[in-house]
Amino acid sequence: MKVLVIGSGGREHALAWKLAASPRVQRVYVAPGNAGTARDTRLKNVALTDVHELADWAQSEKIGLTVVGPEGPLAAGVVDLFRARGQRIFGPTKAAARLESSKAFAKDFMQRHGIPTARHATFADAAQAHAYVDRVGAPIVVKADGLAAGKGVVVASTTAQAHQAVDDMLDGAAIGIQHNADGARVVIEDFLQGEESSFIVVSDGRHVVPLATSQDHKRLLDGDQGPNTGGMGAYSPAPVVTPNVHARVMHEIIVPTLTGMARDGHPFTGFLYAGLMIDAQGQPRTLEFNTRLGDPEAQPILMRMKSDLLEALLHASDGTLDRVNLQWDRRVALGVVLAAHGYPVAPRRGDPITGLPADADDLMVFHAGTAMQDGQIVTAGGRVVCVTALGESLRFAQQRVYEALGDIAFDGMQYRTDIGHRAMAAGGSAGSHRA
């Protein structure tokens, strides 16, 4: 079978790498891919991004399954287009993808279906938004309604920061927000205390299978300081998701979301990502939904997956996910993102990258913002690569990663030296048999 993965980031490299391991796969194409997918002889890059051109190409090449990585094509309706032409594709429809593409839609949906989340209000008018900030005070969270590549959220510790975020997001140009059809809006919500975690499942519209638990690090700098980013590293499993928390998330958030989407006439198929805040009592609340596999969570999760990903996604796209039982490596996986100079505001492109280690059974360098230029791998985006390793414990996985990235160099390289610190603090130095 020939498989197509749409996208060019670290998540897409990880998906293509894992899909290529299936004995049923003849070739995995990645559109448009990056320097990492170009180097893998099992993968082939395709220089296409337009959804109509992709549908035409997939049909002519007799692609057996298309897997959508990023949010942009999903919000543009690539799944609807492929399905209308009878082509098998894994991902949510444009209507279902509104759980991510519109924060206002998602919050209203959660409120309507009784899914635990923070109190919120939505504004298109700047004066009303500023008045709400003044009334509620700080800390407070301001979110852009539209897609913003993981950077449309400001956790404001002062009202001045919140007011600036409102102005930036309603303008949108400065941080690259894609406003939705009904115009620029912001969602302002209460600040929640606790520990964040990522909870990702696979759904075929009726059945659901959870992936291994994971936790990412959003802030740019050590100690969870600095601006929010798309993610500077992640690990799996996440100790904060205890068996009790896992059961509560499935019962109180995941199942009601999928049931609610089906009841509203938009059955959800694809990866559903719930960003959670888990308080000291173990109560999970939903911070946001993504309608795709997380990045950089995908890298450690797929490193730990022992099952055939192709088989699972074929069942998910055919509505037979109830036949799937995923198996996980008992080891811990941890990934550290190396980011470009100027990230997350204005990442620089074109810096040569040297010292990339060879791939191994317990170590992978998943490329994201990379390209080939005159035979040299160079930076081509904000998050450049994610160095990911398996280890018998979190500490061993962490050591393996930081030793491996020690030889990697490019001008202005940024990375955190403390990925995994929250699990360490929680006693996560030992290995775990829990997914």
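Reader: Which residue just after α12 takes a positive phi?

Author: That's Gly319, with a phi of about 80 degrees. Bear in mind that this is a predicted model.

Reader: Which residues of α12 are buried?

Author: Leu309, Leu310, Ala312, Leu313, Leu314 and Ala316 are the buried ones in this helix, which covers residues 309-318. In soluble globular proteins, nonpolar side chains tend to be buried together.

Reader: OK, zooming out. How many helices and strands does the protein have?

Author: There are 14 helices and 22 strands. The radius of gyration is 20 Å, close to the 22 Å from the globule rule for 435 residues, so the protein is as compact as a globular protein of that length. Its C-alpha atoms fill a box of roughly 60 × 50 × 45 Å along the principal axes.

Reader: What share of the residues count as buried?

Author: 58% of the 435 residues. The accessible surface comes to about 16700 Å², and carbon and sulfur atoms make up 49% of that. On contacts, take the ones with a separation of 6 or more: residues 24 or more positions apart account for 70% of them.

Reader: Which residues touch the most other members of the largest nonpolar core?

Author: Leu19, Val28, Leu211 and Phe271, out of 42 residues in that core. Apart from it lies another core of 26 residues, among them Ala35, Leu338, Ile353 and Ala423.

Reader: Take Phe271. What is it in contact with, leaving aside neighbours within four places in sequence?

Author: Phe271 is in contact with a number of residues, including Leu15, Phe90, Ile200, Val201, Val202 and Leu211. Its contacts also include Asn290, Thr291, Arg292, Leu293 and Leu313. Leu313 takes us back to α12, where it is one of the buried residues.

Reader: Now a lysine: is Lys107 buried or exposed?

Author: Buried. Its relative accessibility is 3%, and the cut-off for buried is under 20%, so Lys107 falls in that class. Lys107 is found in helix α7, residues 103-113.

Reader: What does the side chain of Lys107 make a polar contact with?

Author: With the side chain of Glu189, at 2.9 Å. Not counting residues up to four places away in sequence, Lys107 touches Thr117, Ala118, His120, Val187 and Glu189.

Reader: Back to salt bridges. How many are there?

Author: The count comes to 24. One of them joins Glu392 and Arg330, at 2.4 Å from N to O. Glu392 sits in the loop between β22 (383-391) and α13 (394-404), while Arg330 is in the loop between α12 and β18 (332-339), 62 residues apart.

Reader: What about Arg400, what does it bridge to?

Author: Asp362, with the closest N and O atoms 2.9 Å apart. Arg400 lies in helix α13 and Asp362 in the loop between β18 and β19 (363-367), so the pair ties together parts that are 38 residues apart in sequence. There's also a network: Glu71, Glu100 and Arg292 are joined by salt bridges that share partners.

Reader: Where are the cis peptide bonds?

Author: One joins Asp295 and Pro296, with omega about 25 degrees. Another runs from Tyr343 to Pro344, with omega near 10 degrees. Pro296 is in the loop between β17 (284-290) and α11 (298-304), and Pro344 is in the loop between β18 and β19.

Reader: Which residues other than glycine have a positive phi?

Author: Lys62 is one of them, at about 55 degrees, and Asp224 is another, near 55 degrees. Most residues other than glycine have a negative phi, and most peptide bonds are trans. Lys62 lies in the loop between α3 (51-60) and β4 (65-68) and counts as exposed at 68% relative accessibility. Asp224 lies in the loop between β13 (219-221) and β14 (225-228) and is partly exposed, with a relative accessible area of 25%.

Terms used: Residues are numbered from 1 along each chain as its sequence is written. Side-chain values use heavy atoms; hydrogens and water are left out. Buried means under 20% relative accessible area, exposed over 50%, partly exposed in between (1.4 Å probe, protein chains only). Helices (H or I, at least four residues) and strands (E, at least two) are DSSP runs, numbered from the N terminus. A nonpolar core is a set of buried Ala, Val, Leu, Ile, Met, Phe, Trp, Tyr and Cys residues joined through side-chain atoms within 4.5 Å. Contact means heavy atoms within 4.5 Å. The radius of gyration is taken over C-alpha atoms; the globule rule is 2.2 Å times the number of residues to the power 0.38. Accessible areas come from the Shrake-Rupley method with a 1.4 Å probe; for residues, only the protein chains shown count as cover. A polar contact is a pair of N or O atoms within 3.5 Å; within protein, one must be able to donate a hydrogen and the other to accept it, and residues adjacent in sequence count only if both atoms are side-chain atoms. A salt bridge is a side-chain nitrogen of Lys or Arg within 4 Å of a carboxyl oxygen of Asp or Glu.
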